[in-house]
Each structure stands twice: as structure tokens, then as C-alpha cells.
Amino acid sequence: MSARPDRTPLSRSFFDRPVLTVAPDLLGRVLVRRTPDGPVELRITEVEAYEGAADPGSHAYRGRTDRNASMFGPPGHAYVIYGMWFSLNLVCGPPGHASGVLLRAGEITVGADLAAKRRLSARNPRELAKGPARLATALDIDRSLDGTDLCAGPDSPLSLLTGTATPPDLVGNGPRTGVGGAGAAHPYRYWITGDPTVSPYRPHAPRRRST
């Protein structure tokens with residue numbers, strides 16, 4: 001019989017490390033999203049790391065803007081990307097370094113009924129948070145959560161629990177999904193091998209210009 005996941009909140013020191021150390025260590029941890037409708041909890045199964053100024057694939061590669069300011073720290077805060085869809089990143093490293101981890105996929109372990117109401121197109125529980133936009137929708141993540149402190153305690157709308165760390169031999173590693181240009185080959189995507197909630201890999205597809 002396996003041990004229950006550890007419910008101890010992760011401290012800020014967990015995030016205050018190099019992003020390529022934090023990213024694989026997030027696999028198996030539990031993200032808690034608290035809303036007036038009730039909590040939803042997610043076991044993280046797939047992530048991608050972004051190294052800021054050192055990483056051509058990062059939103060912070062060309063410096064700080066109003067849009068990406070939360071990515072510059074402090075560690076243990078949320079950076080919410082918005083465009084066609086929202087997606088959630090966890091800020092890592094020292095303030096000013098602008099590194100973060102995109103949460104790409106996970107398993108809903110608490111609040112599946114609530115997540116399913118937000119994800120009506122999901123065909124089964126495995127698809128509720130299979131992909132960063134689906135994950136954000138299932139957890140009701142939007143721009144209002146940008147800059148949220150995940151280490152602020154049980155009153156925070158977002159927090160991260162210790163859960164069950166994934167053994168290194170079960171951590172898959174490869175290039176990031178949909179990243180093009182000079183950052184395409186960076187092997188900064190990590191996932192739990194064999195987990196059914198992990199999203200499929202898709203290389204970057206350049207947009208065709210109309211003639």
C-alpha cells in the first residue's frame with residue numbers, strides 16, 4: 001500500500017533554486033486552487049522550464065515589460081500568461097532573474113466534478129488538465145492571479161503541497177512543445193513517464209504567410 005501524498009506546504013526555498021532544478025522536482029507535487037465554489041487539487045505530471053534572458057523561448061528573453069513583470073520574482077509567485085488562453089507558470093530563482101516553470105498537465109485529484117463543469121469538452125477525467133490551457137481552465141486560472149504568492153498560507157488562492165516526488169528514473173525529458181527558433185532544441189520539458197494525463201509533444205509549426 002503506497003503512502004498518502006504529503007500535505008506539507010512547500011516553502012519559498014523550494015522555488016529559490018535554478019529553474020532546471022525546480023522543474024523536474026515539481027512532478028508529483030500538488031497544486032491547490034481555492035475558489036468560492038470549492039477547492040480543486042492537481043497532481044503535476046508535466047512541466048516546461050524557461051530561463052529568462054538566457055532562453056530565446058522565454059517571454060523574458062528581451063527584458064522586463066508590464067506583461068511579464070511577475071516572472072522577475074520573487075520566487076514562489078504565479079506568472080499568468082494570457083493570449084487566446086491563460087496558462088500558469090511558477091516563478092523560480094532569485095528576484096530579477098526571470099525564470100519560471102510552465103505547468104503543462106496534471107491529474108485532478110480533488111474537485112473533479114467542479115473541474116469538469118469548467119471543461120465541458122473533456123471526454124474523460126484524464127483530459128481535464130491535459131495541456132496548459134486546459135489546466136488553467138479546469139483550475140479557473142485567469143490574469144487576476146498573476147503575481148499570487150503561493151507561499152502565503154491557506155488563505156492564498158494558490159498553494160503547492162509536497163505531494164509525492166517522482167523518482168528520477170520516471171522523469172522523461174525532451175524539447176518543449178511548440179517552441180520555435182533558437183529555443184526549439186532546449187530539452188526543458190519534463191514529464192512523468194507513462195502517466196496518461198501527459199500531453200502529446202508537438203513541434204513548432206511556423207505560420208504560413210498568405211499570398
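Select V32 to start: at 3% relative accessibility, V32 counts as buried (buried is under 20% relative accessible area, exposed over 50%, partly exposed in between, with a 1.4 Å probe and protein chains only). The model on screen is predicted; local features need pLDDT of at least 70, side-chain atom pairs count only at pLDDT 80 or more, and totals for chains, interfaces and linings use all residues. Residues are numbered from 1 along each chain as its sequence is written, and side-chain values use heavy atoms, with hydrogens and water left out.

V32 belongs to strand β2, residues 30-35. Helices (H or I, at least four residues) and strands (E, at least two) are DSSP runs, numbered from the N terminus.

S159 counts as buried, because its relative accessibility is 5%. Select D149 as well: S159 and D149 are 10 residues apart in sequence, with 7.8 Å from C-alpha to C-alpha.

**The largest pocket**

Select H59, I81, S87, T177 and G178. Of the 26 residues lining the largest pocket, these are the closest to its centre. A pocket is defined on a 1 Å grid over the protein atoms alone, as an open set of points where a 1.4 Å probe fits, with protein on both sides within 12 Å along at least five of seven lines; lining residues have an atom within 4 Å of a point.

The space in the largest pocket is about 820 Å³. That volume is the space filled by probe spheres set on the points, which are joined across faces, edges and corners.

Colour β3 (38-50), β4 (78-82), β5 (86-92), β6 (99-110) and α4 (132-138): each supplies at least two residues of the lining. Sorted by class, the lining has 12 nonpolar, 10 polar and 4 charged residues. Here Ala, Val, Leu, Ile, Met, Phe, Trp, Tyr, Cys and Pro count as nonpolar, Asp, Glu, Lys and Arg as charged, and the others, Gly among them, as polar.

**Rings**

How many aromatic pairs are there? The count comes to 1. Show F14 and F15: their ring centres are 5.4 Å apart and their planes stand at 80 degrees, so the pair is edge-to-face. Rings of Phe, Tyr and Trp (its six-membered ring) pair if their centres lie within 6.5 Å; planes under 30 degrees apart are stacked, over 60 edge-to-face, and the rest tilted. Both F14 and F15 are buried.

Then show R67 with Y82: R67 lies over the face of Y82, 4.4 Å from the ring centre. R189 lies over the face of W191, also at 4.4 Å from the ring centre. A charge sits over a ring if NZ of Lys or CZ of Arg is within 6 Å of the ring centre and within 35 degrees of the ring normal.

**Two loop residues**

Select A98, in the loop between β5 and β6. A98 is not a glycine, yet its phi is positive, about 60 degrees. A98 is buried, with a relative accessible area of 1%.

D140 lies in the loop between α4 and β7 (158-163). Its phi is near 60 degrees, a positive value in a residue other than glycine. D140 is partly exposed, at 33% relative accessible area.

**Cysteines**

The last stop is C92 and C151. A search of the whole structure finds 0 disulfides (pairs of cysteine sulfur atoms within 2.5 Å). For C92, the nearest cysteine sulfur is that of C151, 11 Å away. C92 is buried, at 1% relative accessibility, whereas C151 is partly exposed, at 24%.
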